[in-house]
Structures are given as structure tokens and as C-alpha cells.
Amino acid sequence: MQTHQYNTLEDIELRKDELRAQLSDNSDKVGNLWRSLWVPQKTESKGELIANLITNSITAIDAFLLVRKLMKTYGWLFGRRKRK
């Protein structure tokens, strides 16, 4: 980690502006990546379509199993059954 030495208020303000610009750039990159997660990918061939279908199916099954396990373990939080 770099340490910076500041001698004047102008140095601090310049560094603050640099950091603000870096944060803005990083925020834009993260926003674009987040949006790309929810945009459906166009498939070029049947192979890609099948691969996407399998990937989505595995994700759905994994989510179902996770919710089932959480409800079994922490179901008493939701009033499903009494705590042991």
C-alpha cells in the first residue's frame, strides 16, 4: 500500500479528486458487470443454447437445495416449526 505525503491543502484536494475519479470509474465498471449478469446472452449455435440451458438448470437446482437446507435448519425463524 502506498503512502502519500501531503504538504498543503491543495495536495489533499488533488488526491481527493483523484480518488473520487477512481471510485467513479470503479462504480461504472461494477454497474456494467452487474447489468451484464441480468441481460440474456444471445446464443450463436444449438450447442451454446444447450450449454446455457444446462447452466441455468444447475443454478436453479442449487438455489432450490440451498433454500430447502436453510428452511430445514432455520425454519423456526419463519414459524414453520418449533425450535428444538
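**Salt bridges, surface and overall form**

Colleague: Is D17 buried, exposed or partly exposed?

Modeller: D17 has a relative accessible area of 44%. Buried means under 20%, exposed over 50%, and partly exposed in between, with a 1.4 Å probe and protein chains only. D17 therefore counts as partly exposed.

Colleague: At which pLDDT do side-chain atom pairs count?

Modeller: Residues are numbered from 1 along each chain as its sequence is written, and side-chain values use heavy atoms, with hydrogens and water left out. This is a predicted model, in which totals for chains, interfaces and linings use all residues, local features need pLDDT of at least 70, and side-chain atom pairs count only at pLDDT 80 or more.

Colleague: Which residue forms a salt bridge with D17?

Modeller: A salt bridge here is a side-chain nitrogen of Lys or Arg within 4 Å of a carboxyl oxygen of Asp or Glu. The closest N and O atoms are 3.6 Å apart, and the partner is R20.

Colleague: How many salt bridges does the structure hold?

Modeller: Besides R20 with D17, the side chains of R15 and E18 meet at 3.3 Å, N to O. R15 and E18 are also three residues apart in helix 1, so about one helical turn separates them. The number of salt bridges in the structure is two.

Colleague: How many helices and strands does the protein have?

Modeller: Helices (H or I, at least four residues) and strands (E, at least two) are DSSP runs, numbered from the N terminus. Helix 1 covers residues 9-38, and helix 2 covers 46-74. The count is two helices and zero strands.

Colleague: About how much accessible area does the nonpolar surface patch have?

Modeller: Patch residues have over 30% relative accessible area and no salt bridge; nonpolar side chains (Val, Leu, Ile, Met, Phe, Trp, Tyr) are joined within 5 Å, like charges within 9 Å. L77, in the segment after helix 2, is exposed at 54% relative accessibility. By the Shrake-Rupley method with a 1.4 Å probe, only the protein chains shown counting as cover for residues, L66, L70, Y74, W76, L77 and F78 together have about 620 Å².

Colleague: What is the radius of gyration of the protein?

Modeller: The radius is taken over C-alpha atoms, and the globule rule is 2.2 Å times the number of residues to the power 0.38. The C-alpha trace spans about 60 × 50 × 20 Å along its principal axes, and buried residues make up 4% of the 84. A compact globule of 84 residues would have a radius near 12 Å, but the protein has 24 Å.
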